[in-house]
Amino acid sequence: MVEAPHHALRIAMLLPAVLPIAALGIGNIPRVAEAASAIGRVAAVFCDERVGFPGAVALDIDEENDDNVMRAILTRLR
């Protein structure tokens, strides 16, 4: 799960086997992550800054290169 749609699109292009979900705003992340967790597995939550969701990782996807983004996601999927 990520904050913005363009982040989800980038992740989908980098890792086609991963289904990214965009929360459409940092304030929506806790609620959307809880709802998604109720119907399936949310492996990782990435956002530009810390949010009140257990296990969320502060990762500015806009500022990171593709290798770092993929590494961060794959590390969380294990």
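Select Leu24 to begin: Leu24 is exposed, with a relative accessible area of 61% (buried means under 20% relative accessible area, exposed over 50%, partly exposed in between, using a 1.4 Å probe and protein chains only). Leu24 sits in the loop between α1 and α2; helices (H or I, at least four residues) and strands (E, at least two) are DSSP runs, numbered from the N terminus. Its phi is near 60°, a positive value in a residue other than glycine.

The model is predicted: local features need pLDDT of at least 70 and side-chain atom pairs count only at pLDDT 80 or more, while totals for chains, interfaces and linings use all residues. Residues are numbered from 1 along each chain as its sequence is written, and side-chain values use heavy atoms, with hydrogens and water left out.

**Helix α2**

Next, select Ile29 in helix α2. Ile29 is buried, with a relative accessible area of 0%. Show its surroundings: leaving aside neighbours within four places in sequence, Ile29 is in contact (heavy atoms within 4.5 Å) with Met1, Glu3, Ala23, Val45, Phe46, Cys47 and Val51.

Move to Met13 in helix α1. Met13 counts as exposed, at 64% relative accessibility. Draw a distance from Met13 to Val32: the two are 19 residues apart along the chain, and their C-alpha atoms are separated by 22 Å.

Stay on α1 and select Arg10 together with Asp66. Their side chains meet in a salt bridge (2.7 Å, N to O), the term being used for a side-chain nitrogen of Lys or Arg within 4 Å of a carboxyl oxygen of Asp or Glu. Arg10 belongs to helix α1 and Asp66 to helix α3, so the pair ties together parts that are 56 residues apart in sequence. A search of the whole structure finds one salt bridge. Asp66 is partly exposed, with a relative accessible area of 37%.

**The nonpolar cores**

A nonpolar core is a set of buried Ala, Val, Leu, Ile, Met, Phe, Trp, Tyr and Cys residues joined through side-chain atoms within 4.5 Å. For the largest one, select Val2, Ala8, Ile11, Leu15, Ala44, Phe46, Leu59, Ile61, Val69, Ala72 and Ile73, 11 residues in all. Both α1 (5–14) and α3 supply at least two residues of this core, and α3 gives the most, with three. Another core of 10 residues lies apart from it, including Ala33, Val45, Cys47 and Val51.

**The largest pocket**

On a 1 Å grid over the protein atoms alone, a cavity is a set of points where a 1.4 Å probe fits but cannot get out, and a pocket is an open set with protein on both sides within 12 Å along at least five of seven lines; lining residues have an atom within 4 Å of a point. Grid points are joined across faces, edges and corners, and a volume is the space filled by probe spheres set on the points.

Last, select Met1, Leu19, Arg41, Val42 and Ala43, which lie nearest the centre of the largest pocket among its 18 lining residues. The elements giving two or more residues to this lining are α2 (29–39) and α3 (66–77). The largest share, three residues, comes from α3. The space in this pocket is about 310 Å³.
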